[in-house]
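Visitor: I'd like to learn how to read packing in a protein model. Can you walk me through one?

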Amino acid sequence: MGTVELKNISFTYGKNTETAHKALDNVSVKIDGGITGLIGHTGSGKSTLVQMINGLLKPDEGQVFLDGRDIWEDPKKIREVRFKVGLVMQYPEYQLFADTALEDIAFGPKNMGVTGEELDRRVRESARFAGIDEELLGKSPFELSGGQKRRVALAGVLAMNPEVLILDEPAAGLDPAGRRDILGGIKKYSRESGTTVIIVSHSMEDMALYCDDIIVMTNSRVFMHKKCAEVFSEHRELVAVGLDVPQITRIASALKGLGIDIGEDVYTVDYAVSKLLEYMNSESGQLIEEKQV
């Protein structure tokens, strides 16, 4: 399990030019295990933040720590950080290039110096986690469906055994079944391997279903970092900074306006059902039923 900590990070694109844009403004946040969702409107600083964690960008000010060590302490070793912090960019299937899916998955660990039986084990284990059938490994990745290509790209990062896995919109463009397969597989991988996972997404439903806690960004700063239930219980604050909330959260809020209060922390359908049943069996629910009769 990798621990990531950013302390007082600031970063400006086009520094000292007329088009300078401050992407991160004194950001401090700590991510320690589990699955963390990263949300915010376009331009809020999400992509810049994850590139800081991976070492693709170096902060103008502040420090980035991985397991308590400043990743820029020795710039010559930044490549090692990128092996430890796996980054899967949006639409990673466009980065596939090898003759077979197996070769594509093996590319990362090979660059790390992994060979022989250990390489084969990593490739097949990561393929299993990503939901790739054994018979697909010998095929060209360009013969696969869009969802299968994305799984191959994901497996290529998993095969490097990262301490931290960052995924930028991993389910973008997939149908509902594909979204469940990809995100469900990522959740299973995190639980079984202990890997710290960060998911960047615009889908509040996905955040609610698969994340343990959420970082909300706005105007290049961290607006909120709390457990899922706490974040979505503050849905008015999210809407105020231009973000949406899960549909079921809006329904719970509307029910409260009608006098049926099942709580402010409802963010999944299953939880809403349990809260409704609890309410119906309460004195308040029975009172409403009597009035309707």
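**Helices and a sheet**

Guide: Let's start with H4 and H5, which are oblique to each other, because an angle counts as roughly parallel under 35 degrees, roughly antiparallel over 145, roughly perpendicular from 65 to 115, and oblique otherwise. This is a predicted model, where local features need pLDDT of at least 70, side-chain atom pairs count only at pLDDT 80 or more, and totals for chains, interfaces and linings use all residues. Residues are numbered from 1 along each chain as its sequence is written, and side-chain values use heavy atoms, leaving out hydrogens and water.

Visitor: What angle do H4 and H5 make, and how far apart are their axes?

Guide: Two packed helices are described by the angle between their axes and the distance between the axes. Here helix H4 (residues 116–130) and helix H5 (residues 146–158) pack at about 130°, with axes 8 Å apart. Axes are lines fitted to C-alpha atoms, for helices over the stretch in contact, and angles run from 0 to 180 degrees between N-to-C directions. Helices (H or I, at least four residues) and strands (E, at least two) are DSSP runs, numbered from the N terminus.

Visitor: Which residues make the contact?

Guide: Contact means heavy atoms within 4.5 Å. H4 brings Ser126, Ala127, Phe129 and Ala130, while H5 brings Arg151, Leu154, Ala155 and Leu158.

Visitor: And in what order do the strands sit in the sheet?

Guide: Strands pair if DSSP finds at least two bridges between them. The open, antiparallel sheet has 4 strands, ordered S2-S1-S4-S5. S2 (21–32) and S5 (69–70) are at the edges, each with a single partner strand, so one side of each lacks a neighbour in the sheet. Strand S4 (residues 61–66) pairs with S5 over 2 bridges, and Phe65 has Asp70 of S5 as its bridge partner.
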